[in-house]
Amino acid sequence: MIVYFSGTGNSRSVAEKLARDGERVEEISAITEDVLEDERIGIVFPVYCADVPRAVAEFLKRVKLRSPYIFSVATAGGGAGRSHGSVAYLLNGQGVSLAYADTVIMPDSCIAFATPAKAKTRLLERESGRVREIAEALDAGKRTAVKASAPFGAGTRLMWKFFKAIFGLDRKKATEACVGCGLCAAGCPVNNIEMRNGKAAFLGGSCENCFRCIQSCPERAIEFGRLKVNDRTQYLHE
């Protein structure tokens, strides 16, 4: 089986393309079991500030994985950073190991670092071929050495502080342009948005800053501090 966390759709797309015929593919928020067992288990996720999303770390603390072959695939605008090491560390805490890790470079969903249009097109054209390479490695049972490292180290924490200070990521709001369609609330992967009096309201602490809400808003009515979406920065993987 393959489990995934996805903000704007990159990781969902990769997870679905990696899956064999009939293989279970599930977003981690939909997993209700305490233990998952299969001949292989994949974890697909985006890289945030050079590490795994907190939702992925919490999932690996909550759900025990039992498989002889566990792999992780990251989607990233740049590189995987320490993310695979974090997955290896969290799996080691369960008494299992990470067999294989790889990364697919995709358009960046972060508005502050939007991928240029030509590069975006090129990356999306390469996606299927790159995923096919990984699928072949998985089918061959390839193994890679991944050094385990505790998640959310000093570098990652510093990057998050920088983004919050410079861009005001904690100051999220729906402007008067909000028409109350509810797409943001329905799509939030951590249920951090609810509709109040016909307008989107952010609940606070669980936000992953995945940008799904701001990128999917048809009215461009959501702001993250200084960050606002425009024609150049709006991106969802269709």
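This is a predicted model: local features need pLDDT of at least 70, side-chain atom pairs count only at pLDDT 80 or more; totals for chains, interfaces and linings use all residues.
The description begins with strand 6 (70-76), which is mostly covered, with 7 of its 7 residues buried. In a regular strand the side chains alternate between the two faces of the sheet. Val-73 takes part in both pairings, for Val-44 stands opposite Val-73, and the bridge partner of Val-73 in strand 7 is Asp-102. Strand 4 covers residues 41-46 and strand 7 covers residues 100-105.

Helix 1, which spans residues 10-18, has Asn-10, Ser-11, Ser-13, Val-14, Ala-15 and Leu-18 among its residues, and these are buried. The buried residues of helix 1 pack against strand 1 (2-4), strand 2 (25-27), strand 4, strand 6 and strand 7, and also against helix 4 (117-139). An α-helix has 3.6 residues a turn, so residues three or four places apart point the same way.

A separate part of the model holds an open sheet of 3 strands, in the order 8-11-12 and with antiparallel pairing. Strand 8 (172-174) and strand 12 (227-228) stand at the edges of this sheet, and because each has a single partner strand, one side of each is left without a neighbour in the sheet. Strand 8 is joined by 3 bridges to strand 11 (residues 222-224), and the two strands run antiparallel. Within this pairing, Lys-172 has Phe-224 of strand 11 as its bridge partner.

Phe-224 also belongs to the largest nonpolar core, which has 55 residues, and together with Leu-36, Ile-43, Phe-59, Leu-60 and Leu-65 it touches the most other members. The largest share of this core, 5 residues, comes from helix 2 (residues 54-62). When neighbours within four places in sequence are left aside, Leu-36 is in contact with Met-1, Val-3, Arg-24, Ile-31 and Ile-41, and also with Phe-59, Val-63, Lys-64, Leu-65 and Arg-66. A second, separate core of 18 residues includes Val-44, Tyr-69, Ile-134 and Ala-135; of these, Val-44 is the residue described above as standing opposite Val-73 in strand 6.

By class, the lining of the largest pocket consists of 18 nonpolar, 12 polar and 1 charged residues.

In the second largest pocket, the space amounts to about 360 Å³. Its lining has 19 residues, and those that lie nearest its centre are Arg-54, Trp-160, Lys-164, Cys-207 and Asn-209. Helix 2 and helix 5 are the elements that give two or more residues to the lining of this pocket, and helix 5 gives the most here, with 5 residues. The classes represented in the lining of the second largest pocket are 7 nonpolar, 5 polar and 7 charged residues.

Asn-209, one of the residues nearest the centre of the second largest pocket, has a positive phi of about 55° although it is not a glycine. Asn-209 is placed in the loop between strand 10 (199-202) and helix 7 (212-216). With a relative accessibility of 9%, Asn-209 counts as buried. A positive phi is also found at Phe-152, a residue other than glycine, where the value is near 60°. Phe-152 lies in the loop between helix 4 and helix 5, and Phe-152 is buried, with a relative accessible area of 13%.

Methods. Residues are numbered from 1 along each chain as its sequence is written. Side-chain values use heavy atoms; hydrogens and water are left out. Two strands pair if DSSP finds at least two bridges between them. Helices (H or I, at least four residues) and strands (E, at least two) are DSSP runs, numbered from the N terminus. Buried means under 20% relative accessible area, exposed over 50%, partly exposed in between (1.4 Å probe, protein chains only). Contact means heavy atoms within 4.5 Å. A nonpolar core is a set of buried Ala, Val, Leu, Ile, Met, Phe, Trp, Tyr and Cys residues joined through side-chain atoms within 4.5 Å. Ala, Val, Leu, Ile, Met, Phe, Trp, Tyr, Cys and Pro count as nonpolar, Asp, Glu, Lys and Arg as charged, and the others, Gly among them, as polar. On a 1 Å grid over the protein atoms alone, a cavity is a set of points where a 1.4 Å probe fits but cannot get out, and a pocket is an open set with protein on both sides within 12 Å along at least five of seven lines; lining residues have an atom within 4 Å of a point. Grid points are joined across faces, edges and corners, and a volume is the space filled by probe spheres set on the points.
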